[in-house]
Amino acid sequence: MSVTREHWGSRMGFIMASAGSAVGLGNVWKFPYMAGANGGGAFLIIYLGCVLFFGLSLVMAELAIGRTTQLNPVGAFRKLAGRGWSVVGGLGVATAFIILSFYIVVAGWTLAYVVFMGAGSFGGLNVEQNGTIFTDFVSSPVQPLVYAAIFTVLMIGVVLGGVASGIERASKWLMPLLFLLLVVLAIRAITLPGAGAGLSFYLMPNWSEVTAGTWGGAVSQAFFSLSLGMGAMLTYGSYMSSEQNLPRDASMVVGLDTLVALLAGLVILPAVFAAGLEPGAGPGLTFMTLPAVFTEMPAGTLFGIAFFVLLSIAALTSAVSLLEVVVSYFVDEKGLSRPAATIGAGIVIFLIGVPVSLSQGVWSDVTIAGKGFLDLADFMTSSVMMPVGGLFIALFVGWFMGPRAVEALKSHPGQAMPLAGLWLFILRFVAPLGIAWILIQGFFG
């Protein structure tokens with residue numbers, strides 16, 4: 001028995017939900033420390049170029065496949081090209097599943113830090129002491145799992161509501177709140193004494209700091225911050241109306257995602273410089289360095305709580321889109337109801353997340369290929385599965401679909417597509433080269 005396909009209730013609902021999918025920990029947590037570790041302004045310019053030259057093209061490609069087929073990633077490729085290509089869709093579903101197994105753990109950390117900031121846990125402590133708090137927390141066998149469970153329940157609750165009533169409604173509230181918090185925090189950060197040095201570092205390129213790793217990091221960040229290669233954009237595209245202007249709406253989504261990353265940099269880097277701390281602190285910039293920055297600010301506790309609430313919202317909107325990829329597959333391909341698929345997938349994801357969390361503590365000596373569970377899951381998805389998935393999508397749309405893909409972009413037969421040739425050129429040549437760089441950096445960088 002066929003089931004009527006759900007659709008977004010409005011164009012703005014689609015844009016907010018899709019921007020929420022793209023906006024995640026990669027934008028608010030990862031982008032600032034990547035910029036801090038790779039020359040600031042030079043990294044920013046290269047990143048923006050990567051988003052413009054191949055990020056937008058890949059977003060359009062995924063949305064076009066989804067809207068044309070009105071199916072999940074596996075069904076979409078099978079419908080367009082036969083069973084052999086459905087493996088590419090299956091890779092996207094598997095990627096989303098594995099990412100969520102560690103994403104819920106890291107997202108749980110952000111929820112915990114909302115509580116820690118509210119309780120004044122970092123008052124009077126320096127970066128090293130904050131690092132001890134972080135290490136003690138993530139290595140605990142129970143505490144991180146409690147917060148991961150809370151986050152999983154929130155994620156399941158949104159997806160249970162369906163496309164329009166759940167994901168779209170939540171995104172319409174959460175995304176404006178996220179932008180409001182970012183703007184408030186950015187204004188506060190750039191008005192701190194000494195923040196000017198951070199602004200100069202972030203906005204003025206120093207090309208002498210650029211290395212091959214800078215280019216590779218910018219390409220990778222542009223790719224991952226847009227949720228490419230994991231089936232999320234394809235799945236959200238399958239709920240699009242045929243009347244929507246796909247290139248325009250895709251540009252809006254990419255623009256909002258990039259704006260969040262830029263604002264996050266304005267929040268974090270000026271604040272770090274104002275506090276006289278090191279911008280290249282790496283992943284620990286958020287959980288070890290920023291609490292020390294906030295405690296030195298007037299009303300720092302309030303701003304610290306706001307920041308980690310912001311981080312939690314970004315994590316939730318992104319996690320919801322990943323779970324929807326998995327749910328869409330089980331509903332379309334296996335005939336499960338949305339509640340059964342959502343709750344079942346959520347439980348399994350949390351159970352897989354248990355060893356991921358324990359790998360930061362009591363199971364830290366358990367490794368596969370020299371990596372703990374969290375590092376292995378991150379490496380497999382970020383450095384292998386997502387780039388490979390994105391590579392096949394670019395080649396599929398650019399070469400296999402070709403001119404048919406241009407027709408898939410149109411909302412009506414007579415719609416002009418003046419840049420269609422450039423779009424296909426990017427998918428055929430530019431994007432594959434960029435993705436190949438990601439793969440090379442992942443293995444040999």
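**A guided walk through the helices**

Visitor: At roughly what angle do the axes of helix α1 and helix α12 cross?
Guide: Let's start with this pair, keeping in mind that the model is predicted. Helix α1 covers residues 11–22 and helix α12 covers residues 246–274. Their axes come within 9 Å, and they cross at roughly 45 degrees.

Visitor: Are α1 and α12 parallel, perpendicular or oblique to each other?
Guide: The axes cross at roughly 45 degrees. Angles under 35 degrees count as roughly parallel, and the roughly perpendicular range runs from 65 to 115. The crossing is right-handed, and the two helices are therefore oblique.

Visitor: Which residues of α12 does α1 meet, and how many residues of the contact are charged?
Guide: From α1 come R11, F14, I15, M16, S18, A19 and A22, and they meet R248, D249, M252, V253, L256 and D257 in α12. Sorted by class, the contact of α1 with α12 has eight nonpolar residues and one polar residue, and the number of charged residues is four.

Visitor: Is Y33 buried or exposed?
Guide: Y33 is found in helix α2, residues 25–37. The C-alpha atom of Y33 is separated by 21 Å from that of M117, 84 residues apart along the chain. Buried means under 20% relative accessible area. Y33 has 10% relative accessibility, so Y33 counts as buried.

Visitor: What distance separates the C-alpha atoms of S140 and S357?
Guide: S140 lies in the loop between α6 and α7, and at 16% relative accessibility S140 counts as buried. In sequence, S140 and S357 are 217 residues apart. In space, C-alpha to C-alpha, the distance is 8.7 Å.

Visitor: How far does helix α7 reach from its first C-alpha to its last?
Guide: Helix α7 runs over residues 143–160, which makes 18 residues. At 1.5 Å a residue, 26 Å is expected. The reach of α7 is close to that expectation, at 26 Å.

Visitor: Which elements cover the buried residues of α7?
Guide: The buried residues of α7 are P144, L145, Y147, A148, F151, T152, M155, I156, V158 and V159. After the helix comes G162, with a positive phi near 90 degrees. The cover over the buried residues of α7 includes α5, α6, α8, α14 and α15.

Visitor: How are α7 and α14 oriented to each other?
Guide: Two packed helices are described by the angle between their axes and the distance between the axes. For α7 and α14 the angle is about 60 degrees, and the axes are 9 Å apart. α7 passes α14 in a right-handed crossing. The orientation of the pair is therefore oblique.

Visitor: How many nonpolar residues does the contact of α7 with α14 have?
Guide: On the α7 side are F151, L154, M155, I156, V158 and V159. They meet S312, A315, L316, A319, V320, L323, E324 and V327 in α14. By class, this contact has one polar and one charged residue, while the number of nonpolar residues is 12.

Visitor: Which residues make the contact between α4 and α14?
Guide: The axes of α4, residues 73–81, and α14 come within 8 Å and cross at roughly 60 degrees. That makes α4 oblique to α14. The contact is made by P73, V74, G75 and R78 of α4, together with V325, Y329 and E333 of α14. In classes, that contact has four nonpolar, one polar and two charged residues.

Visitor: What is the phi of S227 near?
Guide: S227 is found in the loop between α10 and α11, just after α10. At 2% relative accessibility, S227 counts as buried. Its phi is a positive value in a residue other than glycine, near 60 degrees.

Visitor: What is the relative accessible area of A299?
Guide: A299 is found in the loop between α13 and α14. It has a positive phi of about 60 degrees although it is not a glycine. A299 is partly exposed, and its relative accessible area is 47%.

Notes:
Residues are numbered from 1 along each chain as its sequence is written. This is a predicted model: local features need pLDDT of at least 70, side-chain atom pairs count only at pLDDT 80 or more; totals for chains, interfaces and linings use all residues. Side-chain values use heavy atoms; hydrogens and water are left out. Helices (H or I, at least four residues) and strands (E, at least two) are DSSP runs, numbered from the N terminus. The expected span of a helix is 1.5 Å times one less than its number of residues. Buried means under 20% relative accessible area, exposed over 50%, partly exposed in between (1.4 Å probe, protein chains only). Contact means heavy atoms within 4.5 Å. Axes are lines fitted to C-alpha atoms, for helices over the stretch in contact, and angles run from 0 to 180 degrees between N-to-C directions. Angles under 35 degrees count as roughly parallel, over 145 as roughly antiparallel, 65 to 115 as roughly perpendicular and the rest as oblique. A crossing is left-handed if the near helix is turned anticlockwise from the far one by less than a right angle, and right-handed if clockwise. Ala, Val, Leu, Ile, Met, Phe, Trp, Tyr, Cys and Pro count as nonpolar, Asp, Glu, Lys and Arg as charged, and the others, Gly among them, as polar.
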